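Please read this note with the sequence and the model side by side.

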Amino acid sequence: MKQKTSSIKAGWICIGLGFVTFWTGIGLVFFSVAMILGVVAMCSNRVGAGVAVLVSALGSLALCVVLFMTLVFGTVIGGVAQILEQSPKRPTQTTGVRSNH
């Protein structure tokens, strides 16, 4: 069993820190660093581990973006629904030709 290189360890740590700090915006930096460390690991003859770090960083970034967008759109849509629910109901007026029956 080969010992993990420091770039692989640092890549996994950056992925973890990216998950923890993604909501602040700093997580993007950690995911970017993890991707770079994955490439560095591949260049130091640890191709399998480097690919694993790179793919995990990309997947983690995509997952965090989807979760963040779901949270934002869910909050916005929920707020709009609440405003529409609380707005006073007005009778609808029809426009058009009136017939005198």
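1. T21 has its place in helix α1, where a helix is a DSSP run of H or I with at least four residues, a strand is a run of E with at least two, and both are numbered from the N terminus. With a relative accessible area of 18%, T21 is buried; the word buried stands for under 20% relative accessible area, exposed for over 50%, and partly exposed for what lies in between, using a 1.4 Å probe and protein chains only. If residues up to four places away in sequence are not counted, T21 touches I26, G27 and F30, a contact being heavy atoms within 4.5 Å.

2. A word on the source: this is a predicted model, in which local features need pLDDT of at least 70 and side-chain atom pairs count only at pLDDT 80 or more, while totals for chains, interfaces and linings use all residues. Residues are numbered from 1 along each chain as its sequence is written, and side-chain values use heavy atoms, with hydrogens and water left out.

3. The protein chain as a whole has three helices and zero strands, and its elements run α-α-α from the N terminus on. Of its 101 residues, 22% count as buried. Among contacts between residues at least 6 apart in sequence, 53% join residues that are at least 24 apart.

4. How do α2 and α3 pack? Two packed helices are described by the angle between their axes and the distance between the axes. For α2 and α3 the angle is about 160 degrees and the axes are 7 Å apart; axes here are lines fitted to C-alpha atoms, for helices over the stretch in contact, and angles run from 0 to 180 degrees between N-to-C directions. The two helices α2 and α3 are therefore roughly antiparallel to each other, since angles under 35 degrees count as roughly parallel, over 145 as roughly antiparallel, 65 to 115 as roughly perpendicular and the rest as oblique. Residues that make the contact include L28, F31, A34, M35 and G38 of α2, and G50, V53, L54 and A57 of α3.

5. G38 is buried, with a relative accessible area of 0%, and G38 touches G50, V53 and L54, not counting residues up to four places away in sequence. The C-alpha atoms of G38 and G48, which are 10 residues apart along the chain, are separated by 9.6 Å.

6. The packing of α1 and α3 has an angle of about 5 degrees, with the axes 10 Å apart, and α1 and α3 are therefore roughly parallel to each other. Among the residues making this contact are I8, W12, I15 and F19 of α1, together with A52, A57, S60 and L63 of α3. S60, which lies in helix α3, counts as buried at 9% relative accessibility, and, leaving aside neighbours within four places in sequence, S60 is in contact with I15, F19 and F31.

7. The largest nonpolar core has 13 residues, and those with the most contacts inside it are I8, I15, F31, A34 and A57; such a core is a set of buried Ala, Val, Leu, Ile, Met, Phe, Trp, Tyr and Cys residues joined through side-chain atoms within 4.5 Å. Each of α1, α2 and α3 supplies at least two residues of this core, and the largest share, five residues, comes from α2. A57 touches I15, F31, A34 and M35, again not counting residues up to four places away in sequence.

8. How many aromatic pairs does a search of the whole structure find? The search finds three, where rings of Phe, Tyr and Trp (its six-membered ring) pair if their centres lie within 6.5 Å, and planes under 30 degrees apart count as stacked, over 60 as edge-to-face and the rest as tilted. F22 and F31 form a tilted pair, at 6.3 Å centre to centre with 50 degrees between the planes, and both F22 and F31 are buried. The rings of F22 and F68 have their centres 6.2 Å apart and their planes at 85 degrees, so this pair is edge-to-face. F22 has a relative accessible area of 13%, whereas F68 counts as partly exposed at 38% relative accessibility. Ring pairs link F19, F22, F31 and F68 into a cluster.
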